[in-house]
Amino acid sequence: MLSIYDPYPDLGMGEFKVHRVRFFDYLPSGIRCVAYNVPLDRLAVSRNDGSVEIYNFSANYFQEKVFPGDETRSTEAICWAAGSRLFTAGLDGKILEYGLENLCIKYSLDGFGGPIWGIAANPSGSHLAIGCEDGSVKLFQILPDKIQFEKSFDRQKDRILSLSWLPSGTHIAAGSIDAIRIFDVKSGHAVQRILVDRNRATSHNRECLVWSLAFLSNGEIVSADSTGKVQFWDWEKGTLIRTFPVSNVDVLSLALAPSEDSFVVGTAEGTVFQYQLLPVRNGEKECHWVRTKTFKYHTHDVRSVAHSATALISGGLDANLVIRPLMEKVQSKNYDAALRKITFPHRRLVCCAKKAQLLLFQYPDRLELWRLGTTEAQGKHGDILPVSRSQEHLLQLKRKGSENISCSAISPCGSWISYATASRFCLYRLQHGSDNIGITRVPKVLKQRQTVHQIIFSACSSNIFVASAGGSVHMVKLSDAGCKLVHTFTPKSGTTDAVYLLSTSTDGKWLVTAHQNCEIHIYNIPKLKHYCTVPSYDYPASALAIQAVTNNLVIAHSDQQVFEFSIEEKQYTDWSRKMQQHGLHKDWLERDTPITNITFNPKKQTQILLHDTYMLCILDKSLPLPDDKTMLQNQMSLRSLSESARKASAHAFKISKAYQPLLFMDLLDKGTLVVVERPLEHILAQLPAPIRQKKFGT
């Protein structure tokens, strides 16, 4: 759809012709399991497509690391161990450890017990236990660089679905079908067998699946099962202490607070419940478990939950990661207590060939190339223009192998396409004909097999820059005669942390890299050497870009701060220093989603265009900065004011929320803007029907 959008009503600043794109059928993968790391304040999330994401809660819940998935990998369990080591296990029967520094899978190890349903590390971080399809619980020793099989516990008849360690590390509870078994870690023998009641209001004969367990320090075990109950057990006596009928459907997940005075459960109907240990009467020491909070932020199964010291975390089939701060645990009662719902990745999945008016869409298993529609009509703000030529699907490029695509790019001229998976880098040459498009794969240009994290083409389409393992970036010269590796840039600091953001200048002189450890390096391309390092900042960059005329680098960080760095002068610009001294508006700083893309208005050097998932902003450096007393209004609010009031309230931030959820935005030319939306209702329409609960009176 083509429309007219005026970002500066009645201020004489011009209009944009907007390509409003809604044919990117991106479907986020459902969340299978989550694990929260208390010392690191990070959350690991595993999805149904085998991908793993790391969210930094201290950096405004930024998605700082992503391990691409694999269609042959089905992750069923995830856990942290030994401080900062991350492990997953799944239905392929393998245990994986992830390299958080270079974003690679370190190794995989067969559990030799069939599909693995549960994984748990002991509190000291010395051992890892897995629960297998064949009914075995296996123990592995965690060594500095790997894990090593130590022993297998007494084998049971049914598969092991869940595991939990006694905080002292001497025993393990294993949940299976109709039973919970307690194993002595030292001997490997089962010392207790607890039969779980399978009764449910809707069925008396179904098996009772113990989906989740939590071992308390006092020796009690909390179980969540398929009959919709949460139960407390005395593991030494094997007796039931108390039962909480939670739901008429499965209770799929359970997580205990670090202080053990609260736990959270998630159900198959999308509801999350919190239980707290509260005094029977004020001032008394005797406490009882009480259901205190009920949340309905999911439409489908809540497959996994986590409990931090200050928040409840849940994820499920609807792909939403929900973070619900506990009001009584947070000191600030405004921004810190706000509900967070993360649906879309904090990375770009769309790339634009500006000169060719093409869009490249990245899916896990393929790339799609589209040509934008055109119009000859003119109009005023808000008009929807008739399309003289509709958008055209030019190409579908399927990946090689089973690994999901991790990054992709198209050259500005539209003649080159590249993508990468965890172990493969592919480059293609496109030939545009009158009726069709030809594609030729370029022979391997990177000699050794290596992981690629990010790809970008130069503005003139003559070079491609490939961010690889070890923090290095390879520069490949492109030509019809052949492609050649010219140089490999490495950071002067010696960091081996992966590069996750790349940007090049329009004049082809500068290359900028952002690394996982928050370092940002600038390289001189003609001289093939490191130029300088941007002053360190505690929060990771979420987007960066170089202005074409000034060669100033604009950086947006996960805490919503925006900086402008002069590459020529190797320091922050005067405007950037002025903005930091003045301070950004509190409404800007309290936005929930990070800036994911930055571009510039070629008609006016002072205008920076940036966007997150729910707003598009034109930041004009020539206008005054707003203070907290000024309303940071969006354009719909401004249009309701008089002309004089609009001019009086003019400030540097012009925000529009007309397009959302917004996955991509860029300027094709001086007057044409392209925005890519992915409405939530389109995503929900592609999910399986949720469990329908009968409500009173219906």
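This note walks through sheets, a helix, charged pairs and aromatic rings in a predicted model.

1. **Ground rules.** Because the model is predicted, local features are reported at pLDDT of at least 70 and side-chain atom pairs at pLDDT 80 or more, whereas totals for chains, interfaces and linings use all residues. Residues are numbered from 1 along each chain as its sequence is written, and side-chain values use heavy atoms, with hydrogens and water left out.

2. **The β7 to β10 sheet.** Let me start with an open sheet of four strands, ordered β7-β8-β9-β10 and paired in the antiparallel sense. Strands here are DSSP runs of E, at least two residues, and helices are runs of H or I, at least four residues, both numbered from the N terminus; two strands pair if DSSP finds at least two bridges between them. At the edges are β7 (75-81) and β10 (104-110), each pairing on one side only. The twist from one strand to the next averages 25°, with axes fitted as lines to C-alpha atoms and angles between N-to-C directions running from 0 to 180 degrees. Inside the sheet, four antiparallel bridges join β8 and β9, and A89 stands opposite I95 in β9.

3. Please look at R85 and E97, whose side chains form a salt bridge with an N to O distance of 2.7 Å. The term covers a side-chain nitrogen of Lys or Arg within 4 Å of a carboxyl oxygen of Asp or Glu. R85 sits in β8 (residues 85-90) and E97 in β9 (residues 94-99), twelve residues apart. Both R85 and E97 are buried, that is, under 20% relative accessible area; exposed means over 50% and partly exposed lies in between, using a 1.4 Å probe and protein chains only.

4. **Other salt bridges.** The whole structure holds 22 salt bridges. One of them joins D480 and R429 at 2.3 Å, N to O. D480 belongs to the loop between β42 (473-477) and β43 (484-489) and R429 to strand β38 (residues 425-432), so this pair ties together parts that are 51 residues apart in sequence. D480 counts as exposed at 67% relative accessibility, while R429 is partly exposed at 21%. R366 and E368 also meet in a salt bridge, at 3.1 Å from N to O, and E368 is buried with a relative accessible area of 8%. Elsewhere, R20, R22 and E677 are linked in a network of salt bridges.

5. **Aromatic rings.** The count comes to 27 aromatic pairs, where rings of Phe, Tyr and Trp (its six-membered ring) pair if their centres lie within 6.5 Å, with planes under 30 degrees apart called stacked, over 60 edge-to-face and the rest tilted. Among them, F24 and Y363 are edge-to-face, 5.2 Å centre to centre and 70° between the planes. F24 lies in the loop between β2 (16-21) and β3 (31-37), and Y363 in the loop between β32 (358-362) and β33 (366-371), so the pair connects parts that are 339 residues apart in sequence. F24 is buried at 0% relative accessible area, and Y363 is buried at 5%. One aromatic cluster is formed by F23, F24, Y26, F344, F361, Y363 and W370.

6. In helix α1 (residues 574-582), W575, S576 and M579 are buried. They lie on the same side of α1 because they cover an arc of only 100° around the axis, taken from the directions from the helix axis to the C-beta atoms. The face turned away from the buried side carries the exposed residues D574, K578 and Q581. K621 lies over the face of W575, 5.7 Å from the ring centre; the rule asks for NZ of Lys or CZ of Arg within 6 Å of the ring centre and within 35 degrees of the ring normal. K570 lies over the face of Y531, at 4.5 Å from the ring centre.

7. Strand β48 (residues 541-546) is mostly covered, with six of its six residues buried. Five antiparallel bridges pair β48 with β49 (residues 552-557), and L544 has I555 as its bridge partner in β49. The two strands, β48 and β49, form a hairpin with five residues between them, and N551 in the turn has a positive phi of about 55°.
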